[in-house]
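Okay, everyone, let's get going.

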Amino acid sequence: MEATAKTTLCCGNNSDSETEKCSDNDFGTSKLGTKEYWEDTYQRELDTFKDVGDVGEIWFGEESMSRVLRWMDKEKIPHSAAILDIGTGNGVFLTELAKHGYSNLTGIDYSLSSVELARNVLQAENLTDVSVKEVDFLNCHGELKDFDICIDKGTFDAISLNPENTKEGKLQYVQALKDVLKDKGLFAITSCNWTKEQLLDRFSEGFEFVQELPTPSFHFGGKKGNSVTALIFKRAQ
C-alpha cells in the first residue's frame with residue numbers, strides 16, 4: 001500500500017519536543033487506512049501505467065529507497081538475502097533492489113490492483129524472477145516466513161490510520177513482523193507519522209534497536225525536527 005503522495009499519510013512533521021510528538025490517539029483515522037482506498041488508487045495507477053507507462057509516485061521519494069540501499073551496502077547485506085517488501089505498492093522499490101543485485105525478493109500488498117501494477121512494472125523491466133503476492137500482512141497466518149530483511153515505507157503509517165480496529169491492527173503488525181523474520185533478521189521502517197521514540201516503544205517487544213538512518217531535518221520556532229523517521233531494528237531471539 002505504498003502511498004501516492006508524501007503528505008497523504010502524515011499527521012504532521014516530527015519534532016524533537018516531547019509535547020509536540022504525535023501520540024497513538026492525537027491524529028485521526030482516515031480513508032487512507034482502508035483497503036478500498038488503495039484498491040481505487042492503484043487501479044487508477046495501473047490504468048495509467050498501461051496507457052502511458054507512468055509508474056506513479058514514489059512514497060517518500062527516490063531518496064527513501066537510496067537511503068535503505070546505502071545502509072544495505074554499508075552492512076554488506078548478501079545479495080542472496082531473503083527480502084520482504086511490506087506494502088509494495090507500485091513495486092518500484094522491488095525494481096531498485098533487483099537492479100542493485102538482490103535476487104531473493106518478495107513483495108506483498110493486500111490490494112490486488114497494487115499487485116497487478118507491481119507485476120506490470122517488474123515485467124516492463126524484464127525482472128520476472130521477483131515474487132509479488134496478494135497478501136494481507138496482518139493476516140498472513142504462516143504464509144510468509146524466514147525472511148532476512150523486511151522493509152516498510154509507509155505501510156505501518158497507513159495501518160495506523162485504519163478507522164476499524166486501529167489499536168488491534170498495530171499489535172497485529174508487530175506480531176506478524178515477528179512471525180515472518182528470522183531470529184536476528186532486520187527490519188527497516190520509514191514513517192512520517194511516528195517519531196523515533198514512538199517507534200522504539202512500539203517495537204520494543206521482540207526487537208532490538210540497531211540504528212537511525214539520516215533523514216532531512218528542518219527548523220521551526222527554534223526547534224529541530226524531521227519530516228520522516230527511518231529506523232533499523234533486529235528481531236530478538
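Let's start with Phe233, which is buried at 1% relative accessibility; buried means under 20% relative accessible area, exposed over 50%, and partly exposed in between, with a 1.4 Å probe and protein chains only. Before I go on: this is a predicted model, so local features need pLDDT of at least 70 and side-chain atom pairs count only at pLDDT 80 or more, while totals for chains, interfaces and linings use all residues. Residues are numbered from 1 along each chain as its sequence is written, and side-chain values use heavy atoms, with hydrogens and water left out.

So, who is the neighbour of interest here? Phe203 is buried too, at 0% relative accessibility. The rings of Phe203 and Phe233 have centres 5.4 Å apart and planes at 45°, so this pair is tilted. On the terms: rings of Phe, Tyr and Trp (its six-membered ring) pair if their centres lie within 6.5 Å, and planes under 30 degrees apart count as stacked, over 60 as edge-to-face and the rest as tilted. Phe203 sits in the loop between H7 and E7, and Phe233 in strand E10 (residues 229-235), so the pair ties together parts that are 30 residues apart in sequence. Those labels are DSSP runs, numbered from the N terminus: helices are H or I with at least four residues, strands are E with at least two.

Phe203 also pairs with Phe187, again tilted, at 5.3 Å centre to centre and 55° between the planes. Phe187 lies in strand E6 (residues 181-191), so that pair ties together parts 16 residues apart in sequence. Phe187 is buried, with a relative accessible area of 0%. How many aromatic pairs does the whole structure have? The search finds 13. Ring pairs also link up a cluster, including Phe137, Tyr173, Trp194 and our Phe187, Phe203 and Phe233.

Stepping back, the chain has 7 helices and 10 strands. Of its 237 residues, 52% count as buried.

Next, helix H1, residues 35-52. Its 18 residues reach 25 Å from first C-alpha to last, close to the 26 Å expected at 1.5 Å a residue (that expected span is 1.5 Å times one less than the number of residues). Which residues of H1 are buried? Among them are Tyr37, Trp38, Tyr42 and Phe49. Seen down the axis, the buried residues fall within an arc of 160°, so they line one face of H1; the arc is that of the directions from the helix axis to the C-beta atoms. The face turned away from that side carries the exposed Glu36, Arg44, Lys50 and Asp51. What covers the buried residues includes helix H4 (112-124) and helix H5 (155-160). Just after H1, Gly53 takes a positive phi of about 80°.

Over in helix H3 (residues 92-99) we find Ala98, which is buried at 17% relative accessibility. Leaving out residues up to four places away in sequence, Ala98 touches Leu105, Leu127 and Val130, where a contact means heavy atoms within 4.5 Å.

Last stop, the cysteines. How many disulfides are there? The count is 0, a disulfide being a pair of cysteine sulfur atoms within 2.5 Å. For Cys140, the nearest cysteine sulfur is that of Cys150, 9.5 Å away. Cys140 is buried at 8% relative accessible area, and Cys150 is buried at 0%.
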